[in-house]
Amino acid sequence: MPLKDRLINMIELDGPMSVSMYMQTCLHDPKEGYYATRPGLGRDFLTAPEISQLFGEMIGLWVVNEWEAMWRPHPFTLVEPGPGRATMMMDALRAMKMTRAGRECLNSMQLYLVEPSLSLRAEQATKLAEHTPQFVSHVDALPDQATILIANEFLDCLPARQFVKRGKTWHEKRISAHGNELVWGIDSIQAAKLPNPPEDQNEFEYQTGLETFIESLDAYVDNGLRLRALVIDYGTDDKPPTDTLRAYLEGKQVDPLLAPGASDLTVDVDFAELVRLSKNFGLTAYGPKTQGDFLLAIGAEARMKQLIEENPDRADEIYARALRLVDPKDMGTRFKVMCFSSKGLSPPAGFE
Ligand code: SAH
């Protein structure tokens, strides 16, 4: 039965569905979920590593730098949640091979990938075979050793709940069914287990997975392990997102209720909430700063010039693609970068 019909059945049996349940099902349903069955990365949407090799390479150089700043742990875990087509990791590992410190770092590295999608796991395993990646289903399942985590466009696909204020009370937005169509609705009763509602907004969105993620990182640090975790994603850093649920199909934005399972679903990440959560847990956090500032601070311009010198016939293309990553009119400011860290280490590269 098509996912849409199954969703309608579920709603008829259980009542209107939270937005987070809808996202979770549309993305990860084993039979028809978007990531589980037809991840269209590069076709439905384009991420920074797919735009320019410079992105993954800079991340690779950052990893070597942080491994040194953590006093060269041996062995250590390099982990990426949500590696997609493994482009960023391939570029990163290749860049690491270019320097002596990078090669030493690779000798100490154990590569882990957190990926729920079996089809993406297969692609990642093939592309990264040289580094024998191990797969885990959650960051909590990683070994107890020094860890460097890198995640690009991973947090934005964690399911979000949505709330609206009616008078003085907050209600959860839900998806219900009308005949053969999915439609938006609002709970008549007051929302239960409401996370910190903003005082000056009548609407907000909340990804419960952000707290779980920070909690997992904090558990590492509490165990006395050295940690650096770099996250890059689009989102806000001043106020909570309102209604940012979007669906992408073949490069176009479509109605999120139109093609469940066939389109990618995503929301903006609330970076102010990440800052607040890390404070609550006592986890050291740096940033957010913009992707453009971060990449330039860690030397993206020099690496771009080097790439152009090595490939003079592709100079214009290399420049244009690199520019997209840092240009404020493109990905440069909309994307933010944050780093979470264990205590007692110097500030991470890009955040000094
Ligand atoms: N980082 C890649 C891909 C981004 S797409 C890039 O920048 O191109 C999102 C990735 O996160 C996919 O690999 C998807 O399968 C994975 N993903 C989605 N939900 C996840 C979850 N709960 N845990 C781990 N990975 C997840």
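Student: Into which domains is the protein chain divided?
Tutor: This is a predicted model, to begin with. Its chain is divided into domain 1, made of 1-32 + 161-206, and domain 2, made of 34-153 + 207-234 + 250-339. These bounds come from an automatic or database domain assignment.

Student: How far apart do the C-alpha centres of the two domains lie, and how many residues does each give to the contact?
Tutor: The C-alpha centres of domain 1 and domain 2 are 30 Å apart. Domain 1 brings 20 residues to the contact and domain 2 brings 21 residues. Contact here means heavy atoms within 4.5 Å.

Student: How do you know whether the radius of gyration of the protein chain agrees with a compact globule?
Tutor: Set the value against the rule: for 352 residues, a compact globule would have a radius of gyration near 20 Å, and the protein chain has 21 Å, so the two agree. For the extents along the principal axes, the C-alpha atoms fill a box of roughly 65 × 45 × 35 Å.

Student: What secondary structure does the protein chain have?
Tutor: There are 14 helices and 16 strands. As for contacts between residues at least 6 apart in sequence, 75% of them join residues at least 24 apart.

Student: Why is glutamine 124 called buried?
Tutor: The cut-off for buried is under 20% relative accessible area. Glutamine 124 has 0% relative accessibility, so it counts as buried. Glutamine 124 is placed in helix H8, residues 118-127. Leaving out residues up to four places away in sequence, glutamine 124 touches Pro83, Gly84, Ala86, Leu113, Glu115 and Phe135. Across the protein chain, buried residues make up 55% of the 352 residues.

Student: And what makes alanine 272 buried, partly exposed or exposed?
Tutor: Buried ends at 20% and exposed means over 50%, with partly exposed in between. Alanine 272 has a relative accessible area of 29%, so it is partly exposed. Alanine 272 belongs to helix H10, residues 271-281. Not counting residues up to four places away in sequence, alanine 272 touches Thr236, Asp237 and Asp238.

Student: How far is alanine 272 from leucine 296 in sequence and in space?
Tutor: They are 24 residues apart in sequence and 23 Å apart in space, C-alpha to C-alpha.

Student: How far apart are the mean positions of the positive and negative charges?
Tutor: The mean positions of the 37 positive and 51 negative charges are 1 Å apart.

Methods
Residues are numbered from 1 along each chain as its sequence is written. This is a predicted model: local features need pLDDT of at least 70, side-chain atom pairs count only at pLDDT 80 or more; totals for chains, interfaces and linings use all residues. Side-chain values use heavy atoms; hydrogens and water are left out. Helices (H or I, at least four residues) and strands (E, at least two) are DSSP runs, numbered from the N terminus. The radius of gyration is taken over C-alpha atoms; the globule rule is 2.2 Å times the number of residues to the power 0.38. Buried means under 20% relative accessible area, exposed over 50%, partly exposed in between (1.4 Å probe, protein chains only). Lys and Arg count as positive and Asp and Glu as negative; His and the chain ends are not counted. The place of a charge is taken as NZ of Lys, CZ of Arg, CG of Asp or CD of Glu.
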